[in-house]
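Hi there,

Here is the structure I promised to pass on to you. Have a look at it first, and then read on for what turned up.

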Amino acid sequence: MSQKRLFLSAWILSAMLVFVAAHAGSRAGTLLSADDLTRDAMIAKQDKKPILVFFSSESCAYCEIVRDLYLQPMQADKAYDNKVIIREVSIEGIDDIIDFQGKRMDQEEFADQEGATLTPVIRIYSPTGQLLTPELIGYSSPDFYLGFLEDSIEDARNKLRKLAANN
């Protein structure tokens, strides 16, 4: 192979890797912030799926574990696109959020409104803002956490199906 072809092949390969990395990074890396839960609720209602809200704190080491090992991989996995909407709220956050009723407040105020004072906390809501399952508080068992999380998501999905069947 000539040096020109080798150089061109290497350039094309590196361009493809940059493209793949850029698009992979758009699905993974950080969780989407809960900035408009009314918009998320409309999508959740249309797609018949619950909304998982992860309440975190900047100083919480367990929050990093839950985010990095469980929630970011779920968010990046297309299999979860049809199961759940995942959002994050910082309990000391100053960024604006619109809650399920359309009220604008900062993330800290929303966390207070929801009674989320400990972290990490995961709550799974219906499109109307109704809590569907018991919240997951803390991070106590690395061996079982993913199972607890997946069970909570599946329980929430089943409750949504039952609610839809009754309406």
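This is a predicted model: local features need pLDDT of at least 70, side-chain atom pairs count only at pLDDT 80 or more; totals for chains, interfaces and linings use all residues.

A word on naming before we start: helices and strands here are DSSP runs, numbered from the N terminus, and a helix has at least four residues.

Asp 112 belongs to a negative surface patch, together with Glu 58, Glu 64, Asp 68, Glu 92, Glu 108 and Glu 109. Two helices, H3 (61-76) and H4 (107-114), each contribute at least two residues to this patch. H4 has the largest share, with three residues.

How much space lies in the largest pocket? The volume is about 340 Å³. It is lined by 16 residues, and those closest to its centre are Lys 48, Pro 127, Leu 160, Leu 163 and Ala 164. Helix H2 (37-47) and helix H5 (145-166) are the elements that give two or more residues to the lining. H5 gives the most, with five residues.

Most residues other than glycine have a negative phi, and most peptide bonds are trans.

There is also a peptide bond to check: the one from Thr 119 to Pro 120 is cis, with omega near -5°. You will find Pro 120 in the loop between H4 and strand E5 (121-125).

Enjoy exploring!

Best wishes

Terms used
Residues are numbered from 1 along each chain as its sequence is written. Side-chain values use heavy atoms; hydrogens and water are left out. Patches are made of residues with over 30% relative accessible area and no salt bridge: like charges are joined within 9 Å, nonpolar side chains (Val, Leu, Ile, Met, Phe, Trp, Tyr) within 5 Å. Accessible areas come from the Shrake-Rupley method with a 1.4 Å probe; for residues, only the protein chains shown count as cover. A salt bridge is a side-chain nitrogen of Lys or Arg within 4 Å of a carboxyl oxygen of Asp or Glu. Lys and Arg count as positive and Asp and Glu as negative; His and the chain ends are not counted. The place of a charge is taken as NZ of Lys, CZ of Arg, CG of Asp or CD of Glu. On a 1 Å grid over the protein atoms alone, a cavity is a set of points where a 1.4 Å probe fits but cannot get out, and a pocket is an open set with protein on both sides within 12 Å along at least five of seven lines; lining residues have an atom within 4 Å of a point. Grid points are joined across faces, edges and corners, and a volume is the space filled by probe spheres set on the points.
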